[in-house]
Amino acid sequence: MHIKEEQVERHVLAVLVDNEAGILARIAGMFTARGYNIESLTVADISADHAISRITIATNGPPHVIEQIIAQLDRLVPVHSVRDLTEAGPHVQRELALVKVAGKGENRIEAMRLADVYRARVVDATTDSFVFEITGAPDKIQTFVGLMREVGLVEVGRTGVVAIGRGPDSA
Amino acid sequence: MAEKSGAEILVETLLDLGVDTVFGYPGGAVLPIYDALYNHPKIKHILVRHEQAATHAAEGYARSTGKPGVVLVTSGPGATNAVTGITDALMDSIPMVVITGQVATNLIGSDAFQEADTVGITRHCTKHNYLVKKPSELAGVLNEAFHIATQGRPGPVVVDIPKNVQVAEAEFSAHNGKTNSRYQPQVDGDFKAINEAAEMIMRAKAPILYTGGGVINSGPKASEALCQLAELLGAPVTSTLMGLGAFPASSEQWLGMLGMHGTFEANMAMNRADLVVCLGARFDDRITGRLDAFSPNSKKIHVDIDRSSVNKTVRVDLPVIGDVGRVMEQLLAVLKGRKFNAPDYEEWWSRIKGWRATDCLAFPESKTEIMPQLAIRKLWEATHERHPIITTEVGQHQMWAAQHFDFEKPNKWLTSGGLGTMGYGLPAAIGAQLGDPDALVIDIAGEASIQMNIQELATASQYRLPVKIFIVNNEYMGMVRQWQELTYESRYSNSYSDSLPDFIKLAESYGWTGILIEDPADLETGIKKMIETDGPVLVDCRVAKLANCFPMIPSGAAHTEMLLTPEDVKGTMDDNAKALV
């Protein structure tokens, strides 16, 4: 017997939740308990009174699983709303990364040149290292980090994706 | 406003919420609450013998009365012992509030004595849970906990209260905490969807109503609405295990339970129907059989209060989100408004008649042994006029009870359906008896399951509860053995109930009456004696050891591939079928 695998698609969800203790564990735990995937998850409070947090989850799965994920999130008591940005239409996805490269000579010059092309900013420099700050869609970050591997990457930190729909309407 | 301790606030809020019965077990981290209870005789505390039993007793109380069950246990082992019953309540949508003690807030995380991460452990087996860090928050949290447990799809809610929060004081008045909750599930069905459902019903030539535990949870009015809807439609009705009793078994329209151990006619009708109206059920794997062969030619309407139940396993054509009782009332109004006059579905009923002729629940007769099915049938004959509350454990006896004990009313059938928890029946019977002291309450048990919470014999004795236990004793974990016969060529790996106690002496040692029934000739008199004996009675009914539960849809098979008799059993299965539960 072999275990069958299904075609998956990537979706980005914006989830508004009560900003209370344990909410992140509740959301993340629901994903593991039901066997769903989390590609990236970001959370921060977004309301003036710090009562509401927005969680952005990039997930993947077959369409019927995505539908379940949304329904399962929606039934959690502290969850106010779930919006599937991928389904809703055009939206902007951004991620920030801090990328440290070390080296001298040609590698150092090449790293600087690539950073310029990718519009990464230098936020720290020594005679044999740089820390670049780069923002963009996840695939741009991915490509940049890949290039840095060839010129002396030593460390990378990524925020995970945040996303918002285009146009005047709110989620 | 006067200042009160957290423990006082808790007890007064419970009283305010109408709680009159609490199932619990004391311990270090709940001593302040137990001391507060000492001064409030209005709340009846039932001292169980194991925390798991407290949760099942609360479930039995809730399922038979419609009110939420309340549990009080200590930290650490008290809370972890309650986890099985909490999960059981989640799976079967039983309203329950579990109050757990916790170590003081300054000790949380220090591996203190009897500390467990109760909120972490119960996060995914509750509908919601709380750790209360201030006594001033208690009243609000408890009000919301009861609201969440009972509204929408019911379920268990855990409130974890550190010991210092029980002792510390806060201002309190009776109106504390009564704010509008953030949890407001949709009750009324969407008008457009109701109209569409009515149109689908009006077009159908072979409709079937497939009902579930949601109808029971929605309350007695939902069962009345179901009867009216069935009468208006003239369509056949089947039900899941959890929904038995919502529709009277004596009705001509009743097909019996569907699914793995359902009737041939119910499963065939599901397979051949052109419209399935699912009312408060969730297309569980025990119902559907092989998914790609499940009711292949039907349009499907799914009425459920929980959106996540829709399209979870079976794609439906029309979801209607709302309380099933309310939606049925809406649907009745629309159908009557349109002057719906049901056709007689003559062809449909003649096919059903053909399937009924199989007489799938027939079982072989024996003069030397008591057939377990006959034992259940005789129990029904002797008691049904009193509308007894029946609880069960889990296994063959449970399925035989579901097949051979007919229910006419809701809230009379208490069983662990989703989680399948052995040891459920005795504590659930205790809870049901407390909820309805005059009812005849019988736990139909197996000799293996009953041992999982046998200590509760003492609880029934202590509170003088006249609970009856009817053990269908075949000296096997019968359902395990049955699957081993179906799948593993009868290699009975660890399914024999060895070293059984003398149940009669055991019962007597707890102050119960014990009755042994061995001979088929004594079956009826033994049952009569059980009913006529005051106080708690345990019956050890020795039945045919190797009888199996038929009909059955084996793992991975379709509704049309039922095993009707032992002759249909092949003794092996392929790996795909073996991998299914």
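Here are some questions and answers about this predicted model, starting with how to read it.

Residues are numbered from 1 along each chain as its sequence is written, and chains are lettered from A, with ligands numbered from 1, in the order in which they are written. Since the model is predicted, local features need pLDDT of at least 70 and side-chain atom pairs count only at pLDDT 80 or more, while totals for chains, interfaces and linings use all residues.

Q: What is the order of the strands in the open sheet of chain A?
A: Strands here are DSSP runs of E, at least two residues long, and helices are runs of H or I, at least four, both numbered from the N terminus. Two strands pair if DSSP finds at least two bridges between them. The sheet of chain A has 4 strands with antiparallel pairing, and their order is E2-E3-E1-E4.

Q: Which are the edge strands of this sheet?
A: An edge strand pairs on one side only.

Q: Which residue is the bridge partner of A:Ala44 in E3(A)?
A: E2(A) and E3(A) (residues 52-61) run antiparallel and are joined by 6 bridges. For A:Ala44, the bridge partner in E3(A) is A:Arg54.

Q: Which element gives the most residues to the side of chain A that touches chain B?
A: Two residues are in contact if their C-beta atoms, placed from the backbone, lie within 7 Å. By that rule, 15 residues of chain A meet 14 residues of chain B. Helices H1 (23-33) and H2 (63-74) of chain A each give two or more residues to this side. The top contributor, with 6 residues, is H2(A).

Q: How many residues does domain 2 of chain B give to its contact with domain 3 of chain B?
A: An automatic or database domain assignment sets the bounds, with domain 2 at 191-356 and domain 3 at 372-549 in chain B. The centres of these two domains, taken over C-alpha atoms, are 31 Å apart. Domain 3 of chain B gives 14 residues to the contact, and the number from domain 2 of chain B is 14.
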